[in-house]
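Please open the model in a viewer and keep the selection panel at hand. The stops below proceed from one side chain to its surroundings.

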Amino acid sequence: MAEEPQKSKMGGWLRDLAGIFVVIDETKTEEKPASTPAPAQPATSTSKTTAPATSTSTLASTPPASSDFVDDLRNRFRKILEEKNQPGFDFYEFSLMLLRTSTNPSVEHFKTAYEGAKLLNPNCNQQFLLESANFYKSELQKAFEATVSAGEQKKSALNAEKSNEQKQLNNEVANIEQQLGKLKQQIADLEKAQAEKLTALNGIEGKFNDKFVEIEQKIQATITAKEGVANEISLIENGIKQYIA
């Protein structure tokens, strides 16, 4: 954010212009460095994020999660970026300027926002905005990967539970088959037990399918939410590259 002498000049229409986009915090005097170190993140725009492949054939046609769930995840990602907001005026505040006026900013939106940005932070330029954009892209990616990782861990735990139960049932079926050859007098009782275990074994896919579907829905929703926020960032990045010298 601009230094105190600069803030004192922001009276009248200049303050009104900034007030359209952001609330100016008079108690916040720390100014961002002219060049924020960019994290190890590619500068290219993110247009598509692919979920980790799943080996469960029953999930091939998993229906998408509700739009409300996707919106909730998108808002959580935005909240994370808000919490990671760096001191002073940078890409985050610049994004708010644009998105509060239009979800599809025009050339004039970018130019007007940039003029306001230079008043709030004299060090603001294209390089500064793009470097700080990299920071927020990196934080978004970290949050996304952590969320997907949590989902994958749940899937792994569910797979382990299924595998153990399936192994136990297979062993029980095999043991029953062995006993049938030795205990002729118990054939009737053992065949009944065998049928019960085979029924449980054959029904194991149905038992676990709903749980797999729920987890897959949440992972797909996470991807969709992340792409929505990433596309917003990319939109603004492209505008900065095209319209701000």
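Select L129 and display its neighbours: leaving aside residues up to four places away in sequence, L129 touches D90, F91, F94, Y114, C124, I240 and I244, where contact means heavy atoms within 4.5 Å. The model is predicted, so local features need pLDDT of at least 70 and side-chain atom pairs count only at pLDDT 80 or more, while totals for chains, interfaces and linings use all residues. Residues are numbered from 1 along each chain as its sequence is written, and side-chain values use heavy atoms, without hydrogens and water.

Next, select F94 and I240 together with L129: these three touch the most other members of the largest nonpolar core, which has 42 residues. Such a core is a set of buried Ala, Val, Leu, Ile, Met, Phe, Trp, Tyr and Cys residues joined through side-chain atoms within 4.5 Å; buried means under 20% relative accessible area, exposed over 50% and partly exposed in between, with a 1.4 Å probe and protein chains only. Colour helix 3 (67-83), helix 4 (91-99), helix 5 (107-120), helix 6 (126-182) and helix 8 (204-243), each of which supplies at least two residues of this core. Helices are DSSP runs (H or I, at least four residues), numbered from the N terminus. Helix 8 gives the largest share, 13 residues.

Finally, remain on helix 8 and select E214, which lies in it. Is E214 buried, exposed or partly exposed? E214 counts as partly exposed because its relative accessibility is 41%.
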